[in-house]
Amino acid sequence: MKNRLQRLFIIVTMLYLVNDLIVLGSEPGDRFIDFSLEDLHEIKYSQSHMKDKITLVILQSRTTLQTAIDCKTELKKLIHENQKVQIISIMDLRKRPPLVPKSVLKSKISAQDPTSKEIPFLLDWKGDVTKALGGDDSKCKVLIVDPALNVVYNKEYKTTAIGSEIRPLLVKLSG
């Protein structure tokens with residue numbers, strides 16, 4: 001009986017580890033999508049703004065605004081002295097209130113998010129870009145895109161990941 005439980009435990013553990021490896025291996029490695037989005041000040045951004053830089057992309061929605069603010073504040077500390085790294089934020093607005101004018105929503109977002117003055121805050125009105133990148137309305141995600149525009153990191157934001165996963169990856173990419 002004890003041996004069967006041990007075998008079961010080992011099998012379950014191996015399946016769990018293999019599942020994590022499959023998930024990690026399937027997301028990074030993809031090329032970052034071509035896009036064209038405007039920020040709060042109607043400045044257009046596209047994939048060309050990311051070339052030759054390491055880019056941290058924060059995917060957020062209205063429901064994850066505070067989490068995204070915390071995320072951007074922490075990540076900003078990482079790139080403070082690294083000229084090779086930049087941050088952009090993309091907000092999924094496909095589930096915005098239907099009768100609220102875009103200008104009102106822009107000013108509300110700008111007032112609520114103090115990082116929007118320093119970090120390009122791109123508005124994805126239809127949600128196409130966010131959806132293509134695997135964004136979720138209930139999760140704030142962090143993507144790291146290398147200078148060749150390959151996604152090398154794509155996970156839900158967690159404070160612990162900054163020191164253990166994101167910082168070492170940025171150091172490696174900055175080389």
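Reader: What makes Arg-94 buried, partly exposed or exposed?

Author: This is a predicted model, and in it Arg-94 has a relative accessible area of 33%. Buried requires a value under 20% and exposed a value over 50%, with partly exposed in between, so Arg-94, at 33%, is partly exposed.

Reader: Where does Arg-94 lie, and which residues does Arg-94 contact beyond its neighbours within four places in sequence?

Author: Arg-94 is placed in the loop between β4 and α3, the latter covering residues 102–112. Leaving aside neighbours within four places in sequence, its contacts are Asp-124, Trp-125, Lys-126, Gly-127, Lys-131 and Gly-135. The C-alpha atom of Arg-94 is also separated by 9.3 Å from that of Asp-137, and these two residues are 43 apart along the chain.

Reader: Why is Asp-92 called buried?

Author: The relative accessible area of Asp-92 is 5%, and the limit for buried is under 20%, so Asp-92 is buried. Asp-92 belongs to strand β4, residues 85–92, and, with neighbours within four places in sequence left aside, Asp-92 is in contact with Gln-60, Ser-61, Arg-62, Asp-124, Gly-127 and Thr-130. Its C-alpha atom is separated by 7.5 Å from that of Lys-126, a residue 34 places away along the chain.

Reader: What sets Asp-52 and Leu-149 apart in their backbone, and is each of them buried or exposed?

Author: For Asp-52, phi is near 65 degrees, a positive value in a residue other than glycine, and for Leu-149, which is not a glycine either, phi is positive at about 70 degrees. Asp-52 sits in the loop between β2 (44–46) and β3 (54–61), whereas Leu-149 sits in the loop between β6 (141–145) and β7 (151–156). With a relative accessible area of 69%, against a limit of over 50%, Asp-52 is therefore exposed. Leu-149 has a relative accessible area of 1%, against a limit of under 20%, and is therefore buried.

Reader: How do you know that Lys-53 and Ala-148 count as partly exposed?

Author: Lys-53 has 28% relative accessibility and Ala-148 has a relative accessible area of 43%; because both values fall between the limits of 20% and 50%, each residue is partly exposed. Lys-53 is found in the loop between β2 and β3, and Ala-148 in the loop between β6 and β7. Not counting residues up to four places away in sequence, Lys-53 touches Gln-83, Lys-84, Gln-86, Val-145, Asp-146 and Pro-147. Lys-53 and Ser-174 are 121 residues apart in sequence, with 9.3 Å between their C-alpha atoms, while Ala-148 and Arg-31, which are 117 residues apart along the chain, have C-alpha atoms separated by 8.4 Å.

Reader: What makes Phe-32 and Phe-35 an aromatic pair, and of which kind?

Author: Their ring centres are 5.8 Å apart, and pairing asks for centres within 6.5 Å. The planes stand at 80 degrees, and because planes over 60 degrees apart count as edge-to-face, the pair is edge-to-face. The structure holds one aromatic pair, and both Phe-32 and Phe-35 are buried.

Reader: How many helices and strands does the chain have, and what share of its residues is buried?

Author: The chain comes to five helices and seven strands, running α-β-β-β-α-β-α-β-α-β-β-α from the N terminus. Of its 175 residues, 39% are buried. Among contacts between residues at least 6 apart in sequence, 72% join residues at least 24 apart.

Conventions
Residues numbered from 1 in each chain as written. Predicted model: local features only at pLDDT ≥ 70, side-chain atom pairs only at ≥ 80, totals over all residues. Heavy atoms only, no water. Phe/Tyr/Trp six-rings, centres within 6.5 Å; stacked < 30°, edge-to-face > 60°. Buried < 20%, exposed > 50% of the residue type's maximum accessible area, 1.4 Å probe, protein only. Helix = DSSP H or I, 4+ residues; strand = E, 2+ residues; numbered from the N terminus. Contact = heavy atoms within 4.5 Å.
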